[in-house]
Structures are given as C-alpha cells and as structure tokens.
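The sequence and structure are shown first.

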Amino acid sequence: MSRLSRDEVAHVAHLARLRLSDEELTTFTEQLGQVLEHAADLQSLDLTGVPPTAHPFELRNVVRPDVVGESLDPAEVLDAAPDAEDGRFAVPRILGEDL
Amino acid sequence: MSAIDLAASVRRGEVTATDALATALRAIDARNDELNVFLHVDRDGAEARARAVDDAVASGRDPGPLAGVPVALKDNLCTRGVPTTASSRILEGWRPPYTATVVERLVAAGAVPVGKTNLDEFAMGSSTETSAFGPTRNPLDPERVPGGSSGGSAAAVAAGMAPLALGSDTGGSIRQPAALCGIVGVKPTYGLVSRYGLIAFASSLDQIGPFATSVADAALCLEVIAGHDPRDTTSLPEPAPALVDHLDDGVAGRRVGLVSELVEGADADVVAQVERAAAALEAAGAQVVRLSIPELRLGLSAYYLIAPAEASSNLARYDGVRYGRRVAADELGAMNEATRTLGFGDEVKRRIMLGTYALSAGYYDAYYGQALKVRTRMIEAFRRAYEQVDVLLGATAPSVAFRFGEKTANPLAMYLSDVFTIPTNLAGEAAVSVPFGTGEAGLPIGVQLLGPGRSEARLLAAARVLEVAS
Amino acid sequence: MKSGWEMVVGLEVHTELRTATKLFCSCANEFGAAPNTHVCPVCLGLPGSLPVLNERAVEMAMSIGFALRCTIAPSTFHRKNYFYPDMPKNFQISQYDLPINSSGYLDLPDGSHVGIERAHMEEDTGKSTHLGASGRLHGAERSLVDYNRAGVPLVEIVSAPDIRSAAQARLYVAELRRVLIATGASDGRMEEGSLRVDANVSVRRPGAPFGTRCEIKNLNSLRSLQRAIDYEADRQIELIEDGGTVRQETRHWDESTGVTSTMRVKEEAEDYRYFREPDLVDLAPDAAWRDRVAAALPPMPGVRRTALLQHLVDPTDAQREAVEVVLDLDLDRYVHGAAEAGLDAATALARTANEVAGAEDGADRLSVEAFIGTLRLEASGQLSATQAKTVLADLLAEGGAPEEVVARRGFTQLASDALDGIVDEVIAANADEWSRYRDGDDKLAQFFIGQVMARTRGQANGKAVVEILRSRRG
C-alpha cells in the first residue's frame, strides 16, 4: 500500500463528519500513516482461502418473539434532545442530499 | 475488607450497608480530588440502595450475595438518570433513560453502585489520559498513569474507594490497568457477560468484567454479572458458570504454556516476574512448557484495523440530534461536523478516521478484510495451543505503570502497550491479570493467564494459586 | 415510446412488514401514532443499546421469498453507513452480500415473467417534517424528526432489469402488491408509504448493451410510476438523439408538473462502508422452520387467477378485469362454488365482481351456499336477473337464505301467477307489434320484455316472458 495522503485523510474526515485544520491534517496524516505502515505486516501475508471472522463465536438464529413491550416516555426522550419542537427532534435546515 | 467478607458481614447484620457505603464515600472524599477517579458520585442513589439492603436484612429477606458491597462503575455503563459520559464532551450532561444489564444484576445481588469512574474517551486509550475530564492518577504513584482504558475503575479498587469495580476490555482495558494498579482484573469470554447498556467501542471485541483486590472477589462479582441476556444477541445461551466453587481447584496436573510472544519486548522486571509465576505454578503441581505462537505478533495490526472500523460506525450516532451535546450551526451537515469536531478528542478522531479509511471503498480488502482473516488465523493458532496446554501464561503489560505524557506524543507507542492483551479479544476468549511481585520503583506487575472460551473457572483457580504464592 | 428505442426498467420495491413490533426492538410497529411515542433505547440508537431480531419479521421475509419463488439461504446483516438525521445510528442495518431471499421470479397476468434478484430485510428510517415555505426539503428552515417509523421492518424486493414498458412496470407492481398482501406480510398501501417504489430506467437501441440508468424516486402511486417511467424514457431518448449522454443520477418525480429532475448525481454518492453488523449473528433458518413458514402460506394470486380463468371459455377483457376484482377482494370461493355446482361461471363471476364486490363487508354475511342458491333460482327462471341481484343485495346486507328473501319480497308470486296476465295486457295494448312478432319478427321479443319490465318495475324474469310470448304465438 502506498503512503496515506493528506487528501485521503481529508476525504475520510469528511465521511466521518470531522473538520480538520491544516495543522491537524498534517499531524493526523503522519500518525495514521504510521499505524497503517505497522499494519503493512498483514498485507504481506498470503491469506487466500482463509475465511474472515467477524464474530468470535458462531451463534445462529438468535431471535425474539414479536411481542410489544414498553417504549420510553416521549417527554423523557425529548428532554434529552438538544432541540425539540412539537413532540419531535429539531434540526437545522438540510442542504442537498435526499428529499 | 474483601467484598466477600463485607457481604457476609452485612448478611449477618454485623455491618450495615449504610456504614459500608459511608466508609467507601470517606475514601472517595479523601482522595478523589487528587486522583480524579470518579466523574460522578451518586450519593443519593447509593444511600437509597444501601438502605434497601439494610431493610432487607432487617426484615429477613435475602439481600443477595453482594449485599451492601459498594461498586464503582466505569462511566461507559448506562445508569438510568445518572450522568453517563464515556469521558467524552459529546455526552456531557446525558442521563440515560435505561440501565445496563450488568448494573441491574449487581443491584439485584445487593451491591451498591457508588458512582461512575473515569476512562479513556470512549475506552480508546491505555492510560486514561484521553479522558475529556482529565487523567486519573495511579493511587500507588500519582505521578504515573493507572493504565487504561478502565483506569478509573482500577484506581477506585486500588485506592480502597470500593471493593469491586466494573470495567470493559476491548483490547486489554481491564487487564492492563489491573496490572498497573496491582489488583485482579478479568476479561471474560466474549458473550459471557451481557453488553446491553455498555457504550460500544468495538462491538465484536468489547466485554465487561470485574476488578477486585482478590481472585475470590473477582470470581463472585463475575458470577453475579455473567449469564445469558435476551437483550444481547451475542450473549452466550447458558446461565452464569460456577466460579467461586472452583477457586481452590488448584493447578495440579494442569499443563501451562509460557508463551514467548507474550513476554517478547517486555521490560526485564516484568519478564522476571512471569518466570517466577511459571515456577510458582510448577511448584503447585502444574506442568509448564514453553511455546511460541507466532500469529500473536499479528494481533496488534489486526486489532488497530478491526476496532477502529467498528468504532467509526458505533460513534456515528453522536451527531448532536437526539442527545448529548450540540454545537449550533445554521445547516445540518455543519451542525453534525461542528458537534463532532468539538465533542471528540484527538484519539477518538484518530480511530474514527482510521476505521473509516479501513472500511472505505478500495481499501476494505487490503485492511479490514485482511484483518478479519488474521483473526481467523489467531483463533486457529489458539485452538492448536489449547490442544497442547490448558492455560497460557504471559505478561499483562510490557512495563509497570508509566509516567504521564510518556506515550501521548506517539499513538503507536501507546498502542503497543496492549500487545499482550489484544489476542484474547480477537479470539473472543478469556484471560485474567493477577498481581505478581513488583518491579521498577516497587510498582506492581501483573501476569496474565489465558484460556479458551468458557475457561474462567480454570483461569481463576490458577490465578488463585499465584495470588497465594505471591 | 419512440420507435427504434427500447426502455429497460428494474424496480426496487420496499414494503413495510405487518409485524406487531419493530425489526430489532419491542416497540409497536404502528402507523399514525403521536410522534416519538413508539421509541426505546434500541430504535433511538441510544449509546449501549443492542438490536435483537424479530422472529416474525424473519418469517414474513421468508414468506415473501417463497411467494416469489426465491432461494432462501443463510444470510447475514450488514451496516450501511451514512449520515442522515432520520437514521438514529447514522447507519442502517440491512442485508448485503448474503440476503435471505435471492433468484426468484414473478409471473405477470399478461403472461410475462420478471426476475427477482433479491428480497432482503432491513430497517426503516424515521420521518422528517420540513418546516418552511413549501413543506419540501429545499427551502425549509428547519426539520422535525419523528422516530416512530425508525426500525420498522422492511423487505426490499429488487427486480431484474427485465421490464420493457411503463405499462409492464405498473403491472409488475400491481401483481407484486397482490402477492405481498396475500402473504400477510404487507398491507400494500402506497399512499401511506408502506409500499414504496423506486424505478431504474435506461434506454437503448434494441439488441444494444444496457444504457446508463437513472433512479427515479417519489413514485407514490401506480399512476405516477407509469407516467414517470414514460417521461424518463422519453427524456433520455431525446437527450441522446440531441447528441447528449445520460448521466447516472437519482431523479425526483414531480406528480404535479409531470417531470423528473435531478436530486443527486451518482459521483457524489456516499461510500457506504458496508461491514458485518457485529451485534447480530447469522440467520440460517433450518428446513423445519422454512417448511413451517411455507406450509402456512395461502395460494398466491397467480395460482388463483389461473384457477378462476379455468372456468371460462375464451375470457373477455371484461371478464379478466372481473377476475382481478375477485382476486383483490379474496372472493374466489363464490365463483368456484357456483362453477362446481354446475352453474354458469360467467354469471357467477359477474355477480361476484359486481354485486358481492360492491357491498362493503357483505362477504362476511353472504355464505357461499346462499350465493349458489340465488344463482340456481336465477338459472331455473324462478328469478329474473334483476330479482337475483336484489336477493343478493339483501343477503349481503342482512345475511340469511335466498328463499327467505324471495318469500319476503314476494318474487315467487310474481314469477308464477301474475306474469301471464301482465304479458296478455301488454299484447293487447300493442296489437301492431304483436302481429309483426307473430309473423316471425323475433327481434320484437325484446320490445315486449321491455314493456313487461316497465310494468313490473323490472321484477319479471325475461326468459319466462319469452316463454309466455312463444306459447301465445302458438
């Protein structure tokens, strides 16, 4: 893998909704690059045919019955919200994206 | 007084839970300003719980196996109506509307939660220095870190502020601070303890476990919190295992493997204590062999891709919309970004970006995908090792407690302090850190006992042997 | 559609499942409740909460799989990561490379066949209300979010790009909707948003490779689906013929102006960073579970349609439409009952699709026996068609047996005694017509029937009238 670039870090920061100053961008690019370089030992391994493990133990088919339980008190829920109006969570205007 | 002795006294009516709580609160008041162990002390809640235990005792009802035992909770465990921050600005002021399963189980067993302890922000760190609310100091040497990420919980027990504490261990966050603070810490098998109500860092690695001053106390606490929980899909189906009953099983006839990769690069004083522990186990009747598991060397790299990847997704919910802090802006995207930029510290940002990168189009296979395969390799390597031996032995941390700032400038150096503990998390298996001897500056050293999934009884019995020999 | 061009359409249909609770928590799955009253730590994505899969939702997803002849295979859940305030965790739990259902098909009433690529499970989002001038997103100053819908179980059904016209797309959605309702998994309500359709449209010269496609959103009815696809195909053809190229993008259908417009360009699309949901385990229903679900499924509309049409010789378009009405209202039993009793299936179909279908909840009161009995009285001439319809109307309103209604209405008397006299009166009053009829002008029978009907307010049996006329002619 080639070395991590500033542009890549800036892109990743955008995907993660983080804003970085120029100085932070330099520092993070350097630090993340070091960690990824350390991870280069994985890239050199031939793991063809090795299945990935996403879960340490393979449980299956864990389900719950379709029975209605308690919901939270809306007053308590909305009280925790930074902004609420008319029983709903309020957010500032949304630019672009979905309609 | 140990948790077991205290609970016995409370159950017999010799000590009231209220008095036991007062003792704990005095210890907290004496040193919390200096050590920054508790972020929040829930005096009213704890007093009410203690009174309820005393009422039960007075009226002849069973107050539970942990009757009146004050417990410290890592502040990434949700407690209804009690501030829960994960040591992050982004959750400052949040009071969850629900309680974690483990806390419910502790309370049902008569324990008295006294408050919420400091941690590395979202459990990301190995020194408790990344907390947004200042570092916790090691009670044994306030110039040094208590380890992390559960540094506050470890320090609470080490400082006598509570006989028991809960922490969470994603890559060593219980065992490493237990080692650095000279107490016992258990990382249970993945799924043994419900994660419901544990603020997620890396879901496939996180496990809640106990801190205690003795192996027996840790065993009792683990018995109380373990067992299937229908609210956690990944919870193992069986009830809690019997642990206390097996504490004196010893190690006679057990095969113990001293793993070279689990001492490699550790300070000489640490290596010396691991060797001494091997000798102690041998003296108690175990057969000690030396073995190498080269795959363990890959653990750190795999972990620092898998854990950040999961974290990047787990922490996406902190966006200023539903709870916690919001930094205002006139447009949603800008609000999300400002909230997260000011709400998260640098270590959390680093891991979110690392994880986002590892999962992103074009890099997934090379990083995250490859790490998952390494995880398979790791599990297979452990399985082969456990065909030869019953328990693995190694160091918990490469050194005794280090000084503040020693590793903060270089994230990779900090990550390396988890090198011996990470493989257990990747494999979803069990491990215990037990204090064994001292090293530099008379500071405690922890040795680590590792076993396959569901081997807690075996590991605690071995730990008990070392505790006695220590 | 301009000649020399072919459109290629694939549809993505999302249906909410009619479970009692949400996909991953026990909050009620209920439309129309007061905002944020069906929320809990799990569906609000509170820190520390964990999803637990709803068993019934899995069974409904499997039912859909069976109904669409899919392969039902071991599956996993993934996280689809992107920021949006409707989504409490800023990721959606969905199925990715291993969906529960794959590789099925749906046969349409016109005989065409549409492949189903997959039908996977996922969670729904909350709902935003945009405050400001238009009530739409653009120009809104502020948005308010209700999470009652967040976590409601969805199945997304992705068709193969097998559809070649807007009319066929409409037919596909209509038939899929019937199938979904038949499985009991969906209420099929497009207007409430419990059934939502996105269309992928491209155009090409016949035989050429697929063109660049655009995804159209906001198709809230079958009508808008058909109009939007036609509009979009025409737009793309015009663009290409003018020397332009189609850009891959998501477009918004505006029902009032009848045009699609750019919502977002695909190059700007998010990188969703799919990865396995670590809080859930594999879903691998065993044969016993699958069989139990399959056994509980009622016959699907396609099978029922074939069975109904089988009673008819060379069915007309009107009869085919009547069959669809019978299917939609689940009234097959009347048609089958009458046909099996040896009665005329065409009449049974007509009576079912008109009289029975027209009475709200009437089928609850009209037994199949009573229906057959009524038709039998009509066939034997004891009731006129109009009388038979009246009897059915009474039965649909009040229940009971046809004989009771016939007696109460006095239809028996009229049929047997009074008719001769009335026919004779009509003959006497229309001597001219009568002599022409007697001379062999059979068409005049209709005239006499009309006269008799007028005098009996439609309660005479036309066939009986003709018989009396014939007997009088000698």
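Which residues in α14(C) meet which residues in α15(C)? In this predicted model, C:Ala445, C:Phe448, C:Ile449 and C:Val452 in α14(C) meet C:Gly462, C:Val465, C:Val466 and C:Leu469 in α15(C).

**Helix pair in chain C**

- The residues of this contact of α14(C) with α15(C) comprise 7 nonpolar, 1 polar and no charged.
- Helix α14 of chain C spans residues 444-455 and helix α15 of chain C spans residues 462-473, and their axes lie 10 Å apart.
- The two helices pack at an angle of about 120°; α14(C) and α15(C) are therefore oblique to each other.
- The crossing of α14(C) and α15(C) has right-handed sense.

**Contact between chains B and C**

- Chain B contributes 34 residues to the contact, and chain C contributes 25 residues.
- On the side of chain B that touches chain C, at least two residues come from each of α9 (299-314), α10 (332-343) and α11 (346-359) of chain B.
- The most is given by α9(B), with 3 residues.
- By class, this side of chain B has 18 nonpolar, 9 polar and 7 charged residues.

**Nonpolar cores**

- The largest nonpolar core has 277 residues, and B:Val71, B:Met353, B:Leu393 and C:Ala199 are those with the most contacts inside it.
- Not counting residues up to four places away in sequence, B:Val71 touches B:Leu106, B:Ala111, B:Val112, B:Pro113, B:Val114, B:Ala162, B:Leu164, B:Ala165 and B:Leu166.
- Another core, of 30 residues, lies apart from the largest one and includes C:Leu349, C:Ala353, C:Leu375 and C:Leu396.

Note on methods:
Residues numbered from 1 in each chain as written. Chains lettered and ligands numbered in written order. Predicted model: local features only at pLDDT ≥ 70, side-chain atom pairs only at ≥ 80, totals over all residues. Contact = placed C-beta atoms within 7 Å. Helix = DSSP H or I, 4+ residues; strand = E, 2+ residues; numbered from the N terminus. Nonpolar A, V, L, I, M, F, W, Y, C, P; charged D, E, K, R; others polar. Axes fitted to C-alpha atoms, helices over the stretch in contact; angles between N-to-C directions. Parallel < 35°, antiparallel > 145°, perpendicular 65-115°, else oblique. Left-handed = near helix turned anticlockwise from the far one by under 90°. Core = buried A, V, L, I, M, F, W, Y, C linked by C-beta atoms within 7 Å. Buried ≥ 20, exposed ≤ 12 C-beta atoms within 10 Å, placed from the backbone.
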